[in-house]
Amino acid sequence: MAGGSSRAPPPASSHPSGASRAEDVQLGTEESLGPEDSMDITRPGGSSQSGVAKSAAPVSSAAPSPTPGLVSPGGGEAASPDEEEEILPLPPRRAVPRLLLPPGPRRRTPLRAWKVPLTVEEMPPGLLKDAYLAIPVLRRLDAWHRRTRRFPCQVTLPEGVECDLPALLSRDDEAEVLSIAGALAEATGELEFDNLTPVVDSRWVLRPRPFLSGEDPHVFHGQVREEHRLRTTSGYLVHWSRAEFASVPEVKKGPYYPILPGWWESMEVPCGFPARIPLIVAYFASYLRGSGGHRAFAILASNWVVEVARGWYADVCRRGYLWHLPPSLVEGIEALGFPWLCYAEDDRDAEEVLRAIVRLHSRLDWGALAPFLTIFAGPGVG
């Protein structure tokens, strides 16, 4: 290039203004940087279509005759735009596929710990507070301290749930308590179910479906014994968590605890049988008070049969004990159905085992075995 030659501006009428301006910028940059350092800066920002710097091709001395009207930086005519190096378009950019993950479980609102009050008077209004206020003043504080020691870490009730207790006894109770509360809220009337006839149906089993051979039910032996003793000696249906029952005077227990339903005697288990009272008695006992019928009685009977079936099956498989059960309980187990009761078992033979237990129970002469059971285990034990 001749550095001393004068640069003549291109005629305005030779080509469109936009093309002239872009060509002038390109040629002027090549002059200042040199052929080896030049870049295609026909786009703003000094980058080509691909976004990568690209060296411009050096001008050959044997190039064909330039297009008339275009002037090179050295004063001569520039090469024709049609004969410049062709920039091939880059292939379309592939979209990076996102990592597809299965949707995780919906997180519930974390339950908060309930601050246990120091005295009964600080407790929110409810059936439990009224029961403690019925205790004589001299024994009330001691009874409350016994309860707080038994349940030091309680959990705030889920939103919208109103029950007889001011808090959940355990975080594991949340799902069942919510299910029971929803079923009771949809009850159509006070006399929907008669409390003289047990109603056993899988629709009213509102606890998580059980593993019959899962947890050993004998870990709750103390609670089971306490509940059985209170039922047989007092005639009231009391959950083991209602520890204030013994301190409430006998004449004041009626408004706070339900009496045993008329059908309970036909579905009572022997002393020592590993079956606990369903949670509905702990949280919603007020629905079971009185002589009328209610959906709560169907929920109680259905969940009681599930609890009995679980303890019955577990004792046969774990300890080799076969308990003698009343016919109403065996009929309730058959009403729920063996496939339904054994749906969650890992052992595929669980259904056949439960069927075999029922068949064996029906074939034994329990009348002939009664004297031996009394000698070795005591009265009232199956």
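## Overall fold

Which pattern does the protein chain follow, read along the sequence? The pattern is α-β-α-α-β-β-α-α-α-α-α-α-α-α. The chain has 11 helices and 3 strands. Helices (H or I, at least four residues) and strands (E, at least two) are DSSP runs, numbered from the N terminus.

This is a predicted model: local features need pLDDT of at least 70, side-chain atom pairs count only at pLDDT 80 or more, and totals for chains, interfaces and linings use all residues. Residues are numbered from 1 along each chain as its sequence is written, and side-chain values use heavy atoms, with hydrogens and water left out.

Of the 382 residues, 40% count as buried. Buried means under 20% relative accessible area, exposed over 50%, and partly exposed in between (1.4 Å probe, protein chains only). Among contacts (heavy atoms within 4.5 Å) with a separation of 6 or more, 71% join residues 24 or more positions apart.

## Helix α7

Helix α7 covers residues 295-318. Of its 24 residues, 21 are buried, so α7 is largely enclosed by the rest of the structure. Gly320 follows α7 and has a positive phi, near 80°.

## Nonpolar core

The largest nonpolar core has 79 residues. Such a core is a set of buried Ala, Val, Leu, Ile, Met, Phe, Trp, Tyr and Cys residues joined through side-chain atoms within 4.5 Å. Tyr283, Phe284, Trp304, Trp312 and Leu341 touch the most other members. α7 gives the most to this core, with 13 residues.

Trp304 has contacts beyond its neighbours within four places in sequence. Its partners there include Arg231, Trp264, Met267, Glu268 and Leu329.

## Packing of α7 on α10

The axes of α7 and α10 (residues 350-363) come within 11 Å and cross at roughly 95°. That makes the two helices roughly perpendicular, a label for angles of 65 to 115 degrees. Axes are lines fitted to C-alpha atoms, for helices over the stretch in contact, and angles run from 0 to 180 degrees between N-to-C directions.

Trp312, Tyr313, Val316 and Cys317 in α7 meet residues of α10 including Val353, Leu354 and Ile357.

## An exposed loop residue

Thr188 sits in the loop between α4 (174-185) and α5 (221-234). Thr188 is exposed, at 68% relative accessible area. Thr188 and His294 are 106 residues apart in sequence, but 9.0 Å apart in space, C-alpha to C-alpha.

Technical notes: Angles under 35 degrees count as roughly parallel, over 145 as roughly antiparallel, 65 to 115 as roughly perpendicular and the rest as oblique.
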